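Open the model in your viewer and keep the selection panel at hand.

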Amino acid sequence: MSELRKDPVTGRWVIISTERRKRHGDFRLESVHIAPDPACPFCEGHEKMTPRELLAYRRANPAPNQAGWELRVVPNQFPVLRVEGGLDRQGEGLFDKMNGIGAHEVIIETPRHEETLATMSDAAVEQVLWAFRERVLDLKQDRRFRYIIIFKNHGVAAGASLDHSHSQLIALPIVPREVRDEVDGARSHFASKERCVFCDIVRQETSDRRRFIAENADMVALAPYAPRFPFETWILPKRHQSLFEETPRHECGSLARLLGDILRRMNKALVSPPYNLLIHSAPFVEPSGDFYHWHVEIIPKLTKVAGFEWATGFYVNPTAPEEAAHVLREAGG
Ligand SMILES: [Zn+2]
Ligand SMILES: [Zn+2]
Ligand SMILES: [Zn+2]
């Protein structure tokens, strides 16, 4: 039997197609394999191959753009948007446009080519999250930006062009559509219930347990009720908090531990899958602190988006989230 399910945040419907009964073992799994690359621009010692760093955490040598670092943030060499210039909105009749103002940065998560977020120490993953926070706090002072999206493509199938572990950050002069839908949905839930919809999800899923995966003192990982993709996993802070960049240090530590744990479970259960990871946080310039709740979404790349999805916006997910959560719970420890 197939089932139509509605996401409680965005109101988006998905089809959970248990009829196809594709179990997680049936996916054509494409494992991520990190190949050695002597010309990798992100390896320690190759600092000259990247633009000059914007931020670095160093263990020794305090001079910038030299070896001795644990993490670096550099401008993207091929940015989708550029930071120079003023914001210029124009239109052509029906059509709106603006010039390509933004910032596009790369967070090089480790100096070591073969490491991943799943193999790095919890402390090293915490530094990555802290660097995200520092860059957002810096960039949001720029009044041209309304939103900053942080994301990671792990593996070629997920869109990574380099194997060396890195994330990206793009500051935008607009609030992106996916975030707009979540903010609008959360606002209307708040208007009728006077509660944050994400807090409601955390409360319901931690007591129900069917879609619960793992938790620690500050964070919980769960399979959402209406996931678009098999094994889609969300990590949310238990405490209501709208802005990721206001996460205190100890909560970054909790997030690092749970994130590493979830990625290791996925590596075990899904044979080191490619994945996309993103952080959704509240837009800067509109008041959404009461009802929006930041979170991490992790989406292993196990299926391809096909014509039906493009045509309708309806996602067909062959794995029920209850089954995905069960598999990931079993993969722990
Ligand atoms: Zn490298
Ligand atoms: Zn909340
Ligand atoms: Zn989200």
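**Cysteines**

Select Cys43 to begin: with a relative accessible area of 13%, this residue is buried (under 20% relative accessible area, 1.4 Å probe, protein chains only). This is a predicted model in which local features need pLDDT of at least 70, side-chain atom pairs count only at pLDDT 80 or more, and totals for chains, interfaces and linings use all residues. Residues are numbered from 1 along each chain as its sequence is written, chains are lettered from A and ligands numbered from 1 in the order written, and side-chain values use heavy atoms, without hydrogens or water.

Next, go to Cys252, buried at a relative accessible area of 0%. Cys252 is in no disulfide (a pair of cysteine sulfur atoms within 2.5 Å); the nearest cysteine sulfur, that of Cys199, is 18 Å away. The structure holds 0 disulfides.

Cys196 and Cys199 are both buried.

**Interior**

Now show Ile262 with Ile213, Ala214, Ala221, Thr233, Ile235 and Ile298, its contacts once neighbours within four places in sequence are left aside (contact: heavy atoms within 4.5 Å).

Terms used:
Buried means under 20% relative accessible area, exposed over 50%, partly exposed in between (1.4 Å probe, protein chains only).
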